[in-house]
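Work through the exercises below with the model open beside you. Try each task before reading its solution.

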Amino acid sequence: MMRSETIGPLPATSMNNADWLRLLLLSLLWGGSFFFAEVAVASIPPLTLAWLRVGLAALALIIFMAVTGRLSGIGDWPWLNLLGMGLLNNVIPFSLIFWGQSGIDSGLAAILNATAPFWAVILAAWVVKSERLTGGRAAGLLLGFAGLIVLIGPDVLQGLGEGLLFQLAVLAGALSYAFAGLWGRKLRGLNPWQAASGQLICSSVLLAPIALFVDRPWTLAMPDAGALFSVLALALLSTALAYLIFFRILRDAGPTNLLLVTMLIPPSAMLLGSLFLGEAFGVTELAGLVLILLGLLAIDGRVIRNLSRRINAFD
């Protein structure tokens, strides 16, 4: 297997243009999941929906890999590490965030979920030598987080402190995403196809008994055509394709940069809502988006470095 295809040692924190494009595409796929989930959850309970999402995505990837000859050596995959990835990246955060959202507003949940890059920065600076916390990165994260609050609306922070257990559950879910980014380092030797399908297989196995016990889906009425279409879209686009991109970014740019996607998901969802559902996107939303983009530019660092070189050239 070629080294360029595997998830090897995580690199330093810089990202190139291709990495940023993949991150934007991933945010659109996950931002779009809100549309599909809103339709599907009306007739399918959340845990069952999560199980169907990862299970159908795993099945789609396995079929495609079998047809294209990518499924060889499946018995030699590091299944314990993939089980850990499924637990940290799907089962724990999905369960905690679903439960947390039952007691707090979605806007506050989105802000708490967007703390994942902060947790990743702290954990990575402690564990990974190449992922050091710099002043520019810290400033960029704070600027982006401020933009997220402006984008969603500062009024959601009025509920901060109420329903503390629900808020802690969402924060714990965000922390689990950060741990998952670091756990991905254990998947050396697997290409993104193998890592994505292996993780989703394990997530399906772990979520099945939980969904069956809690939701008792056999007692439910048959979902309508819109819900079934939404489940397929969630599975194929927002999960199967999304996790292929996820593991590619993890391989090329590291966990800290990868989790910046949590800051891009809310504006992506709002932009999609404005384009396809006619939802409002005014001056306040635009200001929040600009702050997030400025924060991402500060985290990237290339624009600042180029300006600094030009200024020094004039001296």
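A salt bridge is a side-chain nitrogen of Lys or Arg within 4 Å of a carboxyl oxygen of Asp or Glu. This is a predicted model, in which local features need pLDDT of at least 70 and side-chain atom pairs count only at pLDDT 80 or more, while totals for chains, interfaces and linings use all residues. Residues are numbered from 1 along each chain as its sequence is written, and side-chain values use heavy atoms, with hydrogens and water left out.

**Exercise 1. Trace the salt bridges of Asp-252**.

Step 1. Search the whole structure: four salt bridges turn up.

Step 2. Take Asp-252 with Arg-22. Their closest N and O atoms are 3.9 Å apart. Asp-252 belongs to helix 9 and Arg-22 to helix 1 (residues 17-40), so this pair ties together parts 230 residues apart in sequence. Helices here are DSSP runs of H or I, at least four residues long, and strands are runs of E, at least two, both numbered from the N terminus.

Step 3. Stay in helix 9. Arg-248 bridges to Asp-252, with 2.7 Å between the closest N and O atoms. These two residues are four apart, about one turn of the helix.

Step 4. Join the bridges that share partners.

**Exercise 2. Describe how helix 8 and helix 9 cross**.

Step 1. Find the geometry. The axes of helix 8 (residues 192-215) and helix 9 (residues 225-258) come within 8 Å and cross at roughly 125 degrees. Axes are lines fitted to C-alpha atoms, for helices over the stretch in contact, and angles run from 0 to 180 degrees between N-to-C directions.

Step 2. Classify the angle. Under 35 degrees is roughly parallel, over 145 roughly antiparallel, 65 to 115 roughly perpendicular, and the rest oblique. Helix 8 and helix 9 are therefore oblique to each other.

Step 3. List the contact. Helix 8 supplies Pro-192, Trp-193, Ala-195, Ala-196, Gln-199 and Leu-200. Helix 9 supplies Thr-239, Tyr-243, Leu-244, Phe-247, Arg-248 and Arg-251.

**Exercise 3. Summarise the whole chain.**

Step 1. Count the elements: 12 helices and zero strands.

Step 2. Check burial. Of 315 residues, 47% count as buried.

Step 3. Check contact range. Among contacts between residues at least 6 apart in sequence, 90% join residues at least 24 apart.

Note on methods. Contact means heavy atoms within 4.5 Å. Buried means under 20% relative accessible area, exposed over 50%, partly exposed in between (1.4 Å probe, protein chains only).
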